[in-house]
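Open your viewer and keep the selection tool at hand. This tour goes stop by stop: what to select, then what is there.

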Amino acid sequence: MPGPFHFDLLHVDSGTLARHGQFHTPHGPVDTPAFMPVGTQGAVKGVTLDQLRQTGAQMMLANTYHLALRPGEAIVEQLGGLHGMSGWSGPILTDSGGFQLFSLAQMIKVNETGAVFRSHIDGRLLDLTPERAVEIQEKLGSDVAMVLDHVVALPAEPDVVADATRRTLRWARRAKEHADRAERTSRTPQAQFGIVQGGLDPALRAECAAGLCELDFPGYAIGGLSVGETPDEMYRVLDGIMPLLPSDRPRYLMGVGTPVDLLEAVARGVDLFDCVMPTRNGRNAMAFTDSGGLKLRNEIHARDPRPVQEGCPCPCCAHSRGYIRHLFMAREMLGPILLSIHNLTYYQRLLADARSAVSGNGFAAFRAAKLAGWRGLGS
């Protein structure tokens, strides 16, 4: 019998490497390719859980670093873990805090033992080692726990990238050994994912992938992208790395990205995504549509009676573009809420349609049609 975590590869598109699968977890299955909304602190900004479910979201992401600082993993555990505290009944993935080694680089010291953060909230120190990241995530009770990795901004000197990549591999080995220890405290099953680093260097990426595959993780992530490189550079990294990852495990591209990036990555065999873009752009009056991005503060939308996206079932699209613009111009909080919900719904519908296209061996045509639409004159 399969364990609490397993991945069923249901179909591979005949014209691309796009995959349709199902990732099984103790909190339910996730149909892939799938987009995980980012709930960094246990909540997706401005969106209730009922609203989040109505977008079509299956799995949510939260962040180890931020939750360890506030409210603290002990409090989260006492409140029933992330599921009990937040009320989200579906699967949850927790990032390890590795991305903060990049995003908060001025507040961090990294050595072989781990990273020492100075809290952006109150200045206190937080030691985050591979083992400590495992223990925090056990208390958070997520379904998927990421290993601690060392992320560096791109471009970077080759020796800096090589040092961080090999440290990531050593940390992954320590994290797996710690998660496998006999005295593990978590009563909730967790799947630990390894993270392939290596910058834009194909040889380093291959070295890291090979080392992680030897450790036999139940899932693999591709990290260190969307940190300064161009889209074409990212796609080249994916072209090189995807054939090296096991086909019977989920593949997660971290922190990506635009609708174009999602479909280009799906075409290369990626299964899972997360990104703050739908909600961040929604809070800033930018909507995703089939004809490109709409900047809803622009005067052109003031008298427009059309919805943001024709045929979209979200509550935002029950209103006119003119009304949504009015909410932003009047600084009504409903504007960012509605547009965040629209963008999340757009991402979920995009990947649901991608799954259908893969199952029907029509993903290449689906991608081409979407790309042609996005080259439209969104304004």
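**Stop 1: an aromatic pair**

Select Phe288. With a relative accessible area of 6%, Phe288 is buried, because buried means under 20%. Keep in mind that you are looking at a predicted model.

How are the rings of Phe288 and Tyr347 arranged, and what is the angle between their planes? The pair is edge-to-face, with 70° between the planes and 5.3 Å from centre to centre. Colour the chain around them. Phe288 sits in strand β15, residues 286–289, while Tyr347 belongs to helix α13.

**Stop 2: a second pair, and a cluster**

The count for the model comes to six aromatic pairs. Select Phe23 and Phe193 for another of them. Their ring centres are 6.0 Å apart and their planes meet at 55°, so this pair is tilted. Both Phe23 and Phe193 are buried. Phe5, Phe23 and Phe193 form one aromatic cluster.

**Stop 3: the hairpin**

Stay with β2 and show strand β3, residues 28–32. The two strands pair in the antiparallel sense, over five bridges. A hairpin of two residues joins β2 to β3. Look across the pairing: His24 stands opposite Pro29.

Next, select Thr25, which is found in β2. Is Thr25 buried or exposed? It counts as buried, at 8% relative accessibility. A polar atom of the Thr25 side chain lies 2.7 Å from the backbone oxygen of Gly28. Leaving aside neighbours within four places in sequence, Thr25 is in contact with Pro4, Phe5, Pro91 and Asp143.

**Stop 4**

Show the eight strands of the open sheet in the order β4-β14-β13-β12-β11-β10-β6-β5. Their pairing is parallel. Which strands stand at the edges? They are β4 (34–37) and β5 (60–63). Each has a single partner strand, so one side of each is left without a neighbour in the sheet. From one strand to the next, the twist averages 25°.

Zoom in on β5 and β6, residues 92–95. They pair in the parallel sense over four bridges. Asn63 stands opposite Asp95 of β6.

Now bring back helix α13, residues 334–359. This helix packs on the sheet and touches β4 and β14 (272–275). The direction of α13 makes about 160° with that of β4.

**Stop 5: the cores**

The largest nonpolar core has 105 residues. Which of them touch the most other members? Select Met146, Leu238, Tyr252, Leu253, Phe273 and Phe363. Helix α13 gives the most to this core, with eleven residues.

Centre the view on Phe273. Apart from neighbours within four places in sequence, its contacts include Phe35, Met36, Tyr252, Leu253, Leu262 and Leu351. A second, separate core has eight residues, among them Val151, Val152, Ala162 and Val227.

**Stop 6: an enclosed helix**

Select helix α10, residues 259–267. Eight of its nine residues are buried, so this helix is largely enclosed by the rest of the structure. Leu262, Ala265 and Val266 are among the buried ones, and they also touch Phe273. The phi of Gly269 is positive, near 105°.

**Stop 7: a glycine in a loop**

Finish at Gly42, in the loop between β4 and α1 (49–54). Gly42 counts as buried, at 13% relative accessibility. What does Gly42 touch? Not counting residues up to four places away in sequence, Gly42 touches Met60, Ala62, Leu67, Leu82 and Ser86.

Conventions. Residues are numbered from 1 along each chain as its sequence is written. This is a predicted model: local features need pLDDT of at least 70, side-chain atom pairs count only at pLDDT 80 or more; totals for chains, interfaces and linings use all residues. Side-chain values use heavy atoms; hydrogens and water are left out. Buried means under 20% relative accessible area, exposed over 50%, partly exposed in between (1.4 Å probe, protein chains only). Two strands pair if DSSP finds at least two bridges between them. Axes are lines fitted to C-alpha atoms, for helices over the stretch in contact, and angles run from 0 to 180 degrees between N-to-C directions. Contact means heavy atoms within 4.5 Å. A nonpolar core is a set of buried Ala, Val, Leu, Ile, Met, Phe, Trp, Tyr and Cys residues joined through side-chain atoms within 4.5 Å. A polar contact is a pair of N or O atoms within 3.5 Å; within protein, one must be able to donate a hydrogen and the other to accept it, and residues adjacent in sequence count only if both atoms are side-chain atoms. Rings of Phe, Tyr and Trp (its six-membered ring) pair if their centres lie within 6.5 Å; planes under 30 degrees apart count as stacked, over 60 as edge-to-face and the rest as tilted.
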